[in-house]
Amino acid sequence: MSLAMSPSLDSLLECPPGLLDMTFDQLRTLLVVHETGSALRAARVLGREQSSVQKQLDTLNRNSQVLCGEVLTVRQGRGKDYLFTPTGETTVELARTTFEKWLESIHWSRRRLGRMLTVGTTEFTLPIVSRAWDRVSEEFRQREVEFKVAHVRTKDLWSRLETRQVDLICGSIVSTPEGDLRLKEYEVIEYARGQALLLTNLPEGELPDTPVQTSSLRRIPLVVPPAGLVADLLATWYGTNFRERLSVVADIDDLHYGLSLLRSGFVRGCMIVTGSIGRGMAAQEDPDAVPLRAIRLHDDLEPKAELMTGAFVRRADLERYDAGHPLNRLWDAVKEDVRTYTPLA
């Protein structure tokens with residue numbers, strides 16, 4: 001009796017020994033060398049001896065020479081980074097894709113089986129996750145659920161959700177009366193909603209305490225981040241080219257740096273901030289710092305925009321898993337928290 005084999009099975013059975021001897025550990029080493037540039041730096045990252053890393057590279061080079069007719073890496077001399085041949089660059093990209101797909105598959109299986117849960121949170125919404133965790137931590141420990149918390153910048157909130165890098169996320173978004181179409185596939189637990197404030201170091205004679213209309217922002221010196229919640233808010237009012245329509249006196253990458261700029265007096269102007277941050281900073285008394293004032297904003301532009309802080313999860317994930325799955329248990333804990341905790345101002 002003969003067994004008919006498909007071409008794919010024939011190819012598998014005819015794999016050259018050099019390919020079968022290649023390991024994930026060797027490929028990982030190759031990727032680290034590609035990222036760091038040398039066997040010495042790769043060894044430090046991997047926590048190994050340089051000789052161990054070099055031995056793996058030598059093995060990979062020998063196998064590649066036999067399989068493809070070209071080595072993967074070439075030494076260029078003392079103190080110089082490795083040169084990767086065309087075959088080496090192709091192998092690196094293939095190895096990177098292989099690792100990404102394997103890790104993605106492993107993480108997906110662990111999530112599906114309730115063995116792993118990843119939660120994303122911004123700096124200011126970390127307390128939401130912390131309180132919810134307190135409600136389920138003992139249960140998760142007993143069930144040996146691997147619980148991970150990832151720091152997420154507000155500007156990356158949507159990309160982290162849409163690419164499924166996190167199972168649940170807590171953060172703030174710009175909300176309009178028409179609603180955000182991106183939310184149609186998500187369940188949302190709202191913690192707080194309201195208008196932003198204008199935090200300024202300008203004297204009252206230059207900028208009165210009366211509410212500032214959003215249409216007047218173009219005449220006010222502003223400290224503006226390149227992306228994130230405030231940038232989304234300004235883009236809602238002034239379009240994606242808002243920088244060309246506003247008086248930007250400083251570009252910042254970090255909220256804390258912007259606050260330091262204002263408190264130092266090095267820059268005179270205003271920052272748009274959330275209500276809690278604005279009131280908190282204005283209440284601080286520091287004799288060595290320039291005093292700050294929080295001024296209300298009056299939204300007279302269309303569409304009307306508010307800041308909404310909450311927790312977000314994909315509806316399909318909640319429906320895919322049973323009620324006892326860690327994601328549903330944590331989501332229930334967040335819902336219980338919002339019923340018992342005073343929302344963020």
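These exercises look at salt bridges in a predicted model.

**Exercise 1.** State which kind of contact joins the side chains of Arg 243 and Asp 251, and classify each residue as buried, partly exposed or exposed.

Solution. Step one is the distance: N and O are 3.2 Å apart. The cut-off is 4 Å, so the contact counts as a salt bridge. Step two is accessibility. Arg 243 has a relative accessible area of 31%, which makes this residue partly exposed. Asp 251, at 53%, is exposed, because the cut-off for that class is over 50%.

**Exercise 2.** Is the pair Arg 314 and Asp 317 buried or exposed, and which network does it belong to?

Solution. Begin with the contact: the closest N and O atoms of Arg 314 and Asp 317 lie 2.8 Å apart, in a salt bridge. Next, compare each residue with the cut-off for buried, which is under 20%. Arg 314 has a relative accessible area of 7% and is buried. Asp 317 has 2% and is buried too. Last, follow the shared partners: salt bridges link Arg 164, Arg 314, Asp 317 and Arg 320 in one network.

**Exercise 3.** Give the number of salt bridges in the model.

Solution. Applying the 4 Å rule gives a count of 25 salt bridges.

Methods. Residues numbered from 1 in each chain as written. Predicted model: local features only at pLDDT ≥ 70, side-chain atom pairs only at ≥ 80, totals over all residues. Heavy atoms only, no water. Buried < 20%, exposed > 50% of the residue type's maximum accessible area, 1.4 Å probe, protein only.
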